[in-house]
Amino acid sequence: MKISACYITKNEEKNLSRSIDTIAAAVDELIVVDTGSTDKTRNVAKSYGAKVYDYVWQNDFSGPRNFAIEQATGDYILFIDADEYFSAETCGNLRKVLEDNKAYDALLIKRYDIDHNEDDIMGEIFVLRAFKHKSNLCYQGRIHEELRDDGRIINNIAMLGPDLLKLYHTGYETAVNQAKAERNLHILQEEIKVADNPGQYYMYMAEACRGVGDYVAMEHYARLDIAQGRRQVAFASRSYRMLLAYLAEQGRNTERYKMAAEAVKEFPELPEFWAELAACQAEIYEYEAAIKSMTEALERDKIFPTLSLEPKEFSTDMSVVAAEKIYEWQELVKATGKLKITTCLIAKNEAQEIGAWLANAAVFSDEIIVVDTGSEDRTVEIAQKAGAKVFSFVWQDDFAAARNYALTQVRAEADWVVFLDADETFYEPQRLRGALAYVAQFGSDSEGIQVPIVNVDVDAWGREIQRFRALRIWRNNSAFRYQGAIHEALYNKCGEIKQLYMAELAVCHTGYSSGRIQQKLNRNLQLIMKEMQEKGEQPLHYRYLADCLYGLHEYELASAYAQRALAAEVPTIAGDGELYRLWLHCARKLKQPAETQLHIIATAHSRGLDDMELIGWQGIICTEMGAYQQAKPLLEQFLQRATSQNLTAGSNAVQGMLAEAYAAKASCHAYLGEKKAADVAWQQAVRENPYNEEILHAFYEWLHLSPQAFLKQVLPYFSDREQGKKYIAEWAVKFGYGKVMQVLAVYLPQNQQKLLKQWLDGDKGTVGKQAWLEATVCVQELLAALVAMPAEKRKTQSVDCHEWAAMLPPGWQRIIGRLYGWQEQLSAGDWPDYLAGLTAIQGFVGDDSYQEYARLALDFSWEKVCEIADKLTEQQYWQAAYSLLAEIPNASIPDDAAFWYQTGRCLYHLQEMTAAGECFARAAEAGSRQPDLSAYQDWVARRERRQ
C-alpha cells in the first residue's frame with residue numbers, strides 16, 4: 001500500500017522537521033503545499049525529498065488541502081499539520097496501523113494538545129488524519145474544514161487508541177494562541193455569512209471569541225451551539241465547558257446550575273459534568289442532591305470507554321477530591337437532622353395567603369408559631385389544621401409588640417428562629433436546613449442571616465419590582481427583640497447582631513403588588529396619625545410619614561417630611577442615608593433639575609455620609625447629563641462596592657438599582673468608544689433586572705440581532721422562561737418590535753393574536769381599523785398598517801384611509817399623504833418624523849412596502865438619502881437600499897469609497913455578481929479600507945467561475 005503524507009504550511013520551519021521525522025519512515029510520498037512562507041519552510045521540506053507546491057492563500061483552508069490531495073498518488077493519505085507529530089513510542093507503528101485498517105475510509109487518531117512539555121496536557125481530542133485516496137473525498141469549509149464523501153458525512157470510520165498512535169499538537173501553545181484566534185475569528189465571521197449551515201461554526205466561533213478575549217460574543221455563540229442539541233462531532237461538549245467556566249468566573253451561579261443540569265442530560269457519560277452539577281447543588285446547600293450527583297460522577301469515571309469522541313477531563317486527583325466532598329456533605333446532611341428551627345408569623349385575616357405560607361414553612365420547620373391578632377376569616381382554623389401552634393394576641397397598633405409576643409413562645413431548645421410575614425415565602429425552602437447546618441459548621445460567630453427579599457407584583461404576571469436584603473433568620477436568643485410600632489426592627493439588648501448574607505435563600509414577597517401596597521400604606525399612615533394624636537408629634541414621625549407619603553405618590557409632602565426629619569437629627573438604626581435617598585427619589589419623581597438632585601447628594605456628602613446608593617445615583621445622574629467621563633468612575637465605585645456583599649456599606653436597596661447602574665455604565669462605555677465593555681455592561685444590566693423595559697429596549701437596539709438570537713440572549717435572565725416570554729411579547733407590542741411579536745405570537749392576548757394573524761394573512765386594512773378601535777395596538781402599528789395597505793385598497797377605501805391617517809400624529813399624517821399621493825413633497829422639517837416612521841414599521845410590513853416607504857427619502861437631501869441607504873444595508877434590506885443608491889447622481893456622492901462599497905454589497909446579495917464586482921473594484925480604486933472588501937471580491941470571482 002502506497003502512503004502519501006500531506007501538509008499545508010506557512011512559516012513552519014521551527015515545527016516541520018520534528019513532524020516529518022516521526023512519519024518519514026512510514027510514508028512513500030511527501031507532499032507540501034506552501035501558502036506563502038517567508039522563512040525556510042520550503043527548504044526544510046525539500047531536504048526531506050518532499051514535492052513542494054506554492055498556493056496563493058485565500059483565507060480558505062479547504063482549498064490548499066484539496067489541492068494537496070490532487071497532487072498525491074498514494075492509496076492512503078496521511079494529512080497532518082506541521083505543528084503535529086507522533087509520539088516516540090508510537091511513530092514506529094504508523095505504517096502497520098494504516099495497513100491493518102485500510103478497509104476503513106478514514107481513521108480518527110487521538111491528539112494531545114500541549115504547550116511545550118508532553119507531560120503537560122492542555123486537552124485531548126480525536127481528529128481525522130488518515131483516509132483512503134478516493135476521488136469523491138474532499139474537504140469542505142473555509143476553516144475547521146471537514147472531510148466529506150460527496151458532501152456527506154463519512155460513516156466507514158475507525159477510532160485508533162493512543163496505544164497504537166498518539167499525536168501531539170503544539171499549535172495552541174500560549175505564545176501563538178492569540179494570533180491563531182484572531183485569524184480564525186476573521187475567517188469564521190466571513191464563512192458564517194455565506195454558509196448553508198452556519199450552526200456548524202457556532203462552537204468554533206465561541207472558541208475564537210474566547211481566544212481574543214471577547215467573552216460576551218463567546219457566550220452568545222456557545223449558547224447558539226448548545227441550542228442546536230448535541231452534534232455528532234469530536235469534542236462536541238466544548239461549548240458547555242466554555243460556558244460553565246465563564247459562568248463560574250462571573251459568579252452567575254443560578255445560570256451555572258441550569259447549564260450544568262443541561263450538560264449532564266446532553267453528555268451523561270462525562271463525569272466532570274456530574275461533578276460540576278454536584279458543586280452547584282452544594283453551593284445552594286442541597287447536599288443530598290450533591291452527594292447523588294458526585295457519586296454518579298465517580299461511577300461514570302469507572303465505566304468511561306477507552307475510546308470516545310468526547311475527551312474525559314475528570315482526573316485521578318479530581319476523583320480524590322470528589323470522595324472528600326461526598327464525606328463532607330454527608331456530615332452536613334447529618335447536621336441538618338439535628339437542627340431545631342422554629343418559624344413565626346403574626347397574622348390577621350390571612351386565609352388567602354396562610355395555606356401556601358404554612359406549606360412553605362413546613363419544609364424546613366420543626367415548629368410553627370402563629371400569633372393571630374384578631375382574624376375574622378378562617379386564618380386560625382387553617383393554621384391549626386396544619387399543625388401550627390396558634391396564639392391569640394390583642395392588637396395594640398404595635399407590630400413590635402405582636403412580634404415579641406411570638407418570640408416569647410419560642411422554646412429554649414430551638415436553635416434558629418425564622419420570622420416571615422404571611423406574604424413572604426422562600427423560593428427554595430428545601431435549602432434552608434442545609435444552609436443553617438453550613439452556618440453552624442463554618443459560619444463562626446454569625447448570629448443573624450440577611451436574605452434577599454424579592455418584591456414581585458402578582459398583579460403584573462409576577463414580575464420582579466425590586467429586591468433588598470433583610471434580617472429574617474437568627475440564632476434563638478432571648479436578648480433579641482423588636483422595637484418600633486411600625487417599621488419595626490430586631491435589636492440585641494446586649495449589643496449588635498452579627499450578620500451574614502446568604503443570597504441563595506431568596507424570599508418571594510408579594511405585599512408590594514400593585515393591588516395591595518396602597519392598602520398597606522394607608523393602614524400605616526392611619527397608625528402614624530393615631531400615634532401622633534395620642535402621644536404628640538415627635539421627630540421620628542417625620543421619617544415614617546415621609547416613607548408612607550412617598551409610597552402614596554405624595555412626593556412634595558414626602559420630600560418636605562424627609563427634610564424635616566433630617567433637620568431633627570433623630571438617630572435610627574437605618575441612619576440618615578435612607579432619608580437622603582428618599583429625598584433624592586422624590587426629586588426624581590418630581591422631575592426636578594439634575595443640578596437639584598446632585599445638590600441633595602452633595603449635602604449628604606458634606607455631612608460625612610458615605611452612602612453607597614447615593615454614589616450610584618450620582619453616577620446615573622451624571623450619565624443622564626452626558627457627563628460620561630465624570631460618571632464612569634462613580635458607577636465603577638458603586639458597582640464594586642455593591643457586588644462585594646458588604647452589608648455595612650449602604651442601604652439594602654442597592655441591589656434594586658444595579659440594573660440602572662450597569663445600564664448607565666454601558667452608556668458611558670458606548671459613548672467613550674469602548675464597545676466590548678459596553679457589551680458586558682448591557683448584559684449585566686439585563687441580568688440584574690430583565691423586567692426593566694427601558695433597559696431591555698436599549699439592549700435590543702444595541703445588539704442588532706434577529707428576534708430569535710435576542711431571545712436566546714435574554715430569556716436565561718428570567719427565572720421563569722415562560723413568564724419571560726409573556727413579558728417580552730407585551731414589551732414588543734409597547735415598543736413596536738413586530739418581528740419579536742411574530743416569534744412570540746402565542747404569548748400575546750387573544751385579540752392581539754387575531755390582529756397579528758390578520759396582518760400576516762395580508763388583511764392590513766382591517767387590522768389598521770381594529771388596532772384603533774380596540775386601542776390595544778400602538779399608533780406605530782396603525783402607521784404600519786397604512787404603509788402596508790395595497791394600492792387598490794388605498795383607492796377603494798379612500799375615505800377610511802383619510803380617517804385613519806387623521807388619527808396619526810401630524811408628521812406621520814403628512815408622510816402617509818405623500819405615500820398615497822395626497823401631497824406633493826415632504827419638507828426638510830418632516831425628516832425626524834420620516835426617520836421615526838422607518839423604525840416604527842420595521843418588522844410589520846413586507847419588503848415591498850418597506851422599500852416604498854424608504855424611497856420617500858428621495859424628498860430630502862442626497863446626504864439624507866445616503867444615510868437611509870446605510871441604515872438599510874445594516875438591516876440587510878438590500879433591494880430597498882439599492883433602490884436609493886441607484887438614484888444618487890455622481891456629483892452628489894459624498895464618499896466614493898463608501899458609496900461603491902455599499903452599492904457592491906447590495907448587488908452582491910441581490911445576486912448581481914458582475915455589477916457587484918465592478919462596484920467593489922471602484923471602491924478599491926477610491927481607497928476603501930473596509931476589511932472585508934477583498935473577501936467580497938474573492939467571493940464574487942468564485943461565484944462567477946461557478947457560473
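So, a helix here is a DSSP run of H or I with at least four residues, numbered from the N terminus, and its expected span is 1.5 Å times one less than its number of residues. Housekeeping: this is a predicted model, where local features need pLDDT of at least 70, side-chain atom pairs count only at pLDDT 80 or more, and totals for chains, interfaces and linings use all residues. Residues are numbered from 1 along each chain as its sequence is written, and side-chain values use heavy atoms, with hydrogens and water left out.

Start with H21, residues 594–606. Its 13 residues should span 18 Å, and the end C-alpha atoms are 18 Å apart, so that agrees.

Which residues of H21 are buried? Ala594, Gln597, Ile600, Ile601, Thr603 and Ala604, where buried means under 20% relative accessible area with a 1.4 Å probe, protein chains only. The buried residues pack against H20 (577–589) and H22 (612–625), contact being heavy atoms within 4.5 Å. Just after H21, glycine 608 takes a positive phi of about 80°.

Now the cores: sets of buried Ala, Val, Leu, Ile, Met, Phe, Trp, Tyr and Cys residues joined through side-chain atoms within 4.5 Å. The largest nonpolar core has 138 residues, and among those touching the most other members are Phe638, Trp731 and Ile728. Helix H24 (residues 658–671) gives the largest share of this core, eight residues.

Leaving out residues up to four places away in sequence, isoleucine 728 touches Leu696, Leu711, Val714, Leu715, Phe718, Val740 and Leu744. A second, separate core has 105 residues, including Tyr202 and Phe468.

Technical notes:
Helix = DSSP H or I, 4+ residues; strand = E, 2+ residues; numbered from the N terminus. Buried < 20%, exposed > 50% of the residue type's maximum accessible area, 1.4 Å probe, protein only.
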